[in-house]
Amino acid sequence: PGVPADLTRWVAEVTSIRPAPARHEVTLKDPALFSSPFVVLAGKSSPPVLDDEESGRLRDYLTSGGFLWLDDSSGLAGGAFDRWVRASLAKALPDAELKALPADHVLFKTFFLIRRPNGRARSATPVLGVDWSGRLVAVYTPGDVLGAWARDPLGGYLHECVPGGEPQRQDARKLALNVVMYALTGNYKADAVHQPFLLEKMRSGAP
């Protein structure tokens, strides 16, 4: 529960964005859903199967400007949460495929240049997304990205990042911020005006 506040605090520290730190919970049937342009769902087990109304509202939400980040807290490929994500997105958006994001996708350069899109647990499954009319409307991170942020009451990290240790944790932190920035800014970094600068950073090996 403390992760959203930590993440939004970092967003405020490293960008010019001033996010609201409060954590709000919504359901697909909640009228507040359509006032929430960025929604996060994280879990280990399978949530309840979406009924037809929920699937319809999820479709309406995603196709009318909403953005959904799904993060598998188990870090296990093919687990219960993974199966639920794939089935739920297929039901809500049967005409849009959940597929791996290419290494040059704008999500990986929206703020940080991400060369190693890791979470707490390095997953053989890449970062996946659903594209709708040229816009990424849902991102699925199978490696427990948010788990890399979780802390105990004394401020220590709850989970080791395996197998890469602290460098992997930094990769996960950067990926989390990029997801937030993409949700807020969309594809603007795909504009050609940014390409020379980004290519030069990549050539120089800068983080």
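Asp144 is buried, at 4% relative accessibility (buried means under 20% relative accessible area, exposed over 50%, partly exposed in between, with a 1.4 Å probe and protein chains only). Its phi is positive, about 60°, although Asp144 is not a glycine. Asp144 lies in the loop between β5 and α4 (helices, H or I with at least four residues, and strands, E with at least two, are DSSP runs numbered from the N terminus). The model is predicted: local features need pLDDT of at least 70, side-chain atom pairs count only at pLDDT 80 or more, and totals for chains, interfaces and linings use all residues. Residues are numbered from 1 along each chain as its sequence is written, and side-chain values use heavy atoms, with hydrogens and water left out.

Pro163 lies in the loop between β5 (135–141) and α4 (165–185). A cis peptide bond joins Val162 and Pro163, with omega about 5°. Ser133 is found in the loop between β4 (128–132) and β5. Its phi, near 55°, is also positive in a residue other than glycine. Ser133 counts as exposed, at 72% relative accessibility.

The open sheet has five strands in the order β1-β2-β5-β4-β3, with mixed pairing (two strands pair if DSSP finds at least two bridges between them). The edge strands β1 and β3 (98–100) each pair on one side only. The twist averages 25° from one strand to the next (axes are lines fitted to C-alpha atoms, for helices over the stretch in contact, and angles run from 0 to 180 degrees between N-to-C directions).

Strands β1 (residues 38–43) and β2 (residues 67–72) run parallel, joined by six bridges. Leu41 stands opposite Leu70 in β2. From β1 the chain crosses through helix α2 (residues 52–63) to β2, a right-handed β-α-β crossover (right-handed if, with the strands pointing away from the viewer, the path from the first strand over the helix to the second runs clockwise). β2 and β5 also pair in the parallel sense, over four bridges. Here Trp69 stands opposite Val139 in β5.

The axes of α2 and helix α3 (residues 80–92) come within 8 Å and cross at roughly 75°. The two helices are therefore roughly perpendicular to each other (angles under 35 degrees count as roughly parallel, over 145 as roughly antiparallel, 65 to 115 as roughly perpendicular and the rest as oblique). Asp52, Ser55, Leu58, Arg59 and Leu62 of α2 make the contact with Leu89, Lys91 and Ala92 of α3 (contact means heavy atoms within 4.5 Å).
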